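Me: I am new to this structure and would like to learn how to read its features one at a time. Could you take me through them slowly?

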Amino acid sequence: MERDEGAVEEGKRRCRVLKHRIETFTITQSSWKTTLLRLINSELSFLNRVSLSKNESPVKLSTNIGYLEAVVHILEHPLVTAVSRVCRPVSISSEVPQQSVYIDVICSFSGNPVWFIVSDRNPRYISWEDPENTRNCRGLRSKILELLLAASESSVTVRPSSIILFFSNGLQSCILEKLRGEFGATDLGFGFCGFDCEFYDELEDGDWVSVLGRSFEKACILEIMVASFSSSSAISDSSRDVKLQGKDGQSLPDLSGSLGKLHTNDINLGDSFTALVSGLRSWSAFDVKEAELVNFDTTALVAIVSGISNGGIDRILATPESELRSRFKSNYEFMIGQVNSEMKKPIHMELMPVISQKRGIVCESVCSEFQELVSMCGGPNEKARAEHFLNCLRVVPDCPSERLMSLPTTRKLALKNKVVFGTGDYWHAPTVTANMAFVRAVSQTGMSLFTIEHRPRALVGY
């Protein structure tokens, strides 16, 4: 039993480490974290029962620790965002809710809604066809057919663009070729293979020691597209005049000429603003088909051009409090909070790495709302920055995705916001926003929505 006891203790150690990693996730939504912690605690309870058992006969130790490690490994990938569900069944149809399929991770990957299916099985025990003389065991082919049927018939809120299969211990070559030939599966590395990230193991004295995680160097990651489409084909370069195309191939109107002129002559835009904007890729570049897009909502546009974000802090702090309270009235505390936030972490520095080398888009409704706000509340410098920034973006018509528009319109899921975020979703572009109330409301429906959060800033007239 010495060997089995060692395996039990090793399993308990892996569970403790996995719990620590999950608890340190910097994620605001915690429902799926609760699910993972519950599953890990269940494994720990099982292992504790095994270690306390007085049965001296050999025990075959079979746990789900490896599977849970693989799930966490996926969740920590930088391209995995907007996780809405983990290790839960999903109803195939709203009309028949009892029909469901088990999905390991529902999220966005590179901006697209996907389902992750995880297997930690030994490749030798993964069969293609249904095994004979078995009732509850099915082959991989049948499982994938069920998943693709579920994906195509599922409600639009959770419908994926692709299904990603993660075989943490690899896959036999004969099975791999069948997946490629019958389902068009393509290899998807993207940094999933190799060793897991560094984590910390707890010592007996309460300290933590840095150790190297599990190796996934044998992992096989495959992507199967649910429908035949490509977001990159929606963008074309025609006669060096960049135009966006709809999914039906029709060109969308170029609305950049409709932007109001705010006159930037002889006004210093600011170094950090200039650096941020220069990080965006130009829409006049020749390689526009390779564009990676980012969508801006009104809160993001305001934050980028705000005087608070562009050197106006000293001027605000030098103004008597009575004058500031008279000017900003009930918004005084809110504005001072933004000043303090900017001093701790400048928002341009925060946004630069997430929008760098991307091409920016903004929908018509946001453009109109932003211009109206700037004209009413913006100072000369804020107006100049607004004009300059809008000239670097491509204005697209409001074209919200079907899945966003399928959500019921409520106070928390306002139609205006569904249009803004849905347009970004239509173009498979993350939406930069401070409107986390809407993001949380969408997450509560089970939908994964690709967003980039920023802290709010206001126009202050500087």
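Predicted model: local features only at pLDDT ≥ 70, side-chain atom pairs only at ≥ 80, totals over all residues.

Me: How do strands pair, and which sense does the pairing of strand 2 and strand 3 take?

Reply: Strands of a sheet pair through backbone hydrogen bonds, either parallel or antiparallel. Helices (H or I, at least four residues) and strands (E, at least two) are DSSP runs numbered from the N terminus, and two strands count as paired if DSSP finds at least two bridges between them. Here strand 2 (residues 100-109) and strand 3 are antiparallel, with five bridges, and Ser 108 has Pro 113 in strand 3 as its bridge partner. On its other pairing, with strand 4 (residues 162-167), strand 3 runs parallel and is joined by six bridges, where Phe 116 has Ile 164 of strand 4 as its bridge partner.

Me: How many residues of strand 3 are buried?

Reply: Buried means under 20% relative accessible area, exposed means over 50%, and partly exposed lies in between (1.4 Å probe, protein chains only). Strand 3, residues 112-119, has seven of its eight residues buried, and is thus mostly covered.

Me: Which residue has a positive phi in the hairpin of strand 2 and strand 3?

Reply: That hairpin has two residues between its strands, and Ser 110 is the one with a positive phi, near 55°, although Ser 110 is not a glycine. Ser 110 counts as partly exposed because its relative accessible area is 35%. His 428 also has a positive phi, of about 55°, without being a glycine; this residue sits in the loop between helix 15 and strand 14, and His 428 counts as buried because its relative accessibility is 15%.

Me: What is the strand order in the open sheet of five strands?

Reply: The order is 13-12-11-14-15, and the pairing is parallel. Strand 13 (394-396) and strand 15 (451-453) stand at the edges with a single partner strand each, so one side of each has no neighbour in the sheet. From one strand to the next the twist averages 35°, where axes are lines fitted to C-alpha atoms, for helices over the stretch in contact, and angles run from 0 to 180 degrees between N-to-C directions. Strand 14 (residues 431-433) is joined to strand 15 by three bridges, with Thr 433 paired to Glu 453 in strand 15. Helix 15 (residues 415-426) packs on this sheet, touching strand 11, strand 12 (359-363), strand 13, strand 14 and strand 15, and its direction makes about 145° with that of strand 14; contact here means heavy atoms within 4.5 Å.

Me: How should I read aromatic pairs, and how many does a search of the whole structure find?

Reply: Rings of Phe, Tyr and Trp (its six-membered ring) pair if their centres lie within 6.5 Å, and planes under 30 degrees apart count as stacked, over 60 as edge-to-face and the rest as tilted. The search finds seven aromatic pairs. One of them is edge-to-face, between Phe 296 and Phe 389, at 5.3 Å centre to centre with 80° between the planes. The pair links distant parts of the chain, 93 residues apart, with Phe 296 in strand 11 (residues 293-296) and Phe 389 in helix 13 (residues 380-390).

Me: What covers the buried residues of helix 13?

Reply: The cover includes helix 6 (271-278), strand 11, helix 7 (298-305) and helix 12 (364-377).

Definitions and conventions. Residues numbered from 1 in each chain as written. Heavy atoms only, no water.
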